[in-house]
Every structure is written in structure tokens, then in C-alpha cells.
Amino acid sequence: MNTTVIIIIFIFAFMSIILFIMLWTLIKSLHRLNKKDKSNYFNTIYKCPVCMGSGLVPNGFYLNAFNNTTSQVTSEKCRTCNGSGIISKY
């Protein structure tokens, strides 16, 4: 065989091995991502930052967002958490 052909075959074989290793590493890392527990990421629960977890805000809180004249006597349901006091990150 001609030495040029041998060199081309060697380069092709070497590049094929490198490509195989790169694809194998990628597939392995994707498989590792699929095996992780996704429930911790998708169902993270936080205390509502608007009502501080109580589920209630002062009456008129949403009407007077920029005016600090809310009534502390009565309360209304928090609209951010729908009165539950918690919010979920999906």
C-alpha cells in the first residue's frame, strides 16, 4: 500500500475513536441527568413572600399597593398563594 493511504486510514481510525469517545461521554452524561430525582427540582415549596405564609393579607392590600393606608382590622385571602401560604416552583 501507498504510505499516503496508510496515513489517511490511520487518521480516519483515530478520528473515529475520538468521535466515539465524545458521543459515549455525551450519552453517559444525558443518562445521568435522566436518573436524577426530578421531584425535588420541580416540586420545590416555598413560604409565600407576600403573606409570609399566613395566607392572609390586610384588607385592601391589593387595592392600595402604593398607598400604605391598609386596614389591619380585617384580612383578605392572599392572591399570590390563593390563601394556602405556600407557593410551588415548577
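How accessible is Phe61? At 30% relative accessibility, Phe61 counts as partly exposed, a class that lies between buried (under 20% relative accessible area) and exposed (over 50%), with a 1.4 Å probe and protein chains only as cover. The views below come from a predicted model, in which local features need pLDDT of at least 70 and side-chain atom pairs count only at pLDDT 80 or more, while totals for chains, interfaces and linings use all residues. Residues are numbered from 1 along each chain as its sequence is written, and side-chain values use heavy atoms, with hydrogens and water left out.

**Figure 1. Overview of the protein chain.** The chain contains 2 helices and 4 strands, in the order α-α-β-β-β-β along the sequence. Helices (H or I, at least four residues) and strands (E, at least two) are DSSP runs numbered from the N terminus. Of the 90 residues, 9% count as buried. The accessible surface is about 7,800 Å², and carbon and sulfur atoms account for 67% of that area; areas come from the Shrake-Rupley method with a 1.4 Å probe, and for residues only the protein chains shown count as cover. Among contacts (heavy atoms within 4.5 Å) between residues at least 6 apart in sequence, 44% join residues at least 24 apart.

**Figure 2. A nonpolar surface patch that includes Ile11.** Ile7, Phe10, Ile11, Phe14, Met15, Ile18 and Met22 make up the patch, with about 740 Å² of accessible area together. Patch residues have over 30% relative accessible area and no salt bridge; like charges are joined within 9 Å, and nonpolar side chains (Val, Leu, Ile, Met, Phe, Trp, Tyr) within 5 Å. A salt bridge is a side-chain nitrogen of Lys or Arg within 4 Å of a carboxyl oxygen of Asp or Glu. Ile11 sits in helix H1 (residues 3-35) and is partly exposed at 46% relative accessibility.

**Figure 3. The aromatic pair.** The structure holds 1 aromatic pair. Phe61 and Tyr62 form this pair edge-to-face, at 5.1 Å centre to centre and with 90 degrees between the planes. Rings of Phe, Tyr and Trp (its six-membered ring) pair if their centres lie within 6.5 Å; planes under 30 degrees apart count as stacked, over 60 as edge-to-face and the rest as tilted. Tyr62 is partly exposed, with a relative accessible area of 24%.

Figure 4. The structure holds 0 disulfides, a disulfide being a pair of cysteine sulfur atoms within 2.5 Å. The sulfur of Cys78 has its closest cysteine sulfur in Cys81, 3.7 Å away, which is too far for a bond. Cys78 is buried at 1% relative accessibility, and Cys81 is buried at 6% relative accessible area.

**Figure 5. Two residues with positive phi.** Most residues other than glycine have a negative phi. Met52, not a glycine, has a positive phi of about 60 degrees. Met52 lies in the loop between strand E1 (44-47) and strand E2 (56-59) and is exposed, with a relative accessible area of 54%. Asn82 also has a positive phi, near 60 degrees. Asn82 is in the loop between strand E3 (71-77) and strand E4 (86-89) and is exposed, with a relative accessible area of 54%.

**Figure 6. Surroundings of Gly53.** Gly53 is in the loop between E1 and E2 and counts as partly exposed at 33% relative accessibility. Leaving aside neighbours within four places in sequence, Gly53 is in contact with Lys47, Cys48 and Gly85. Gly53 and Cys78 are 25 residues apart in sequence and 9.5 Å apart in space, C-alpha to C-alpha.
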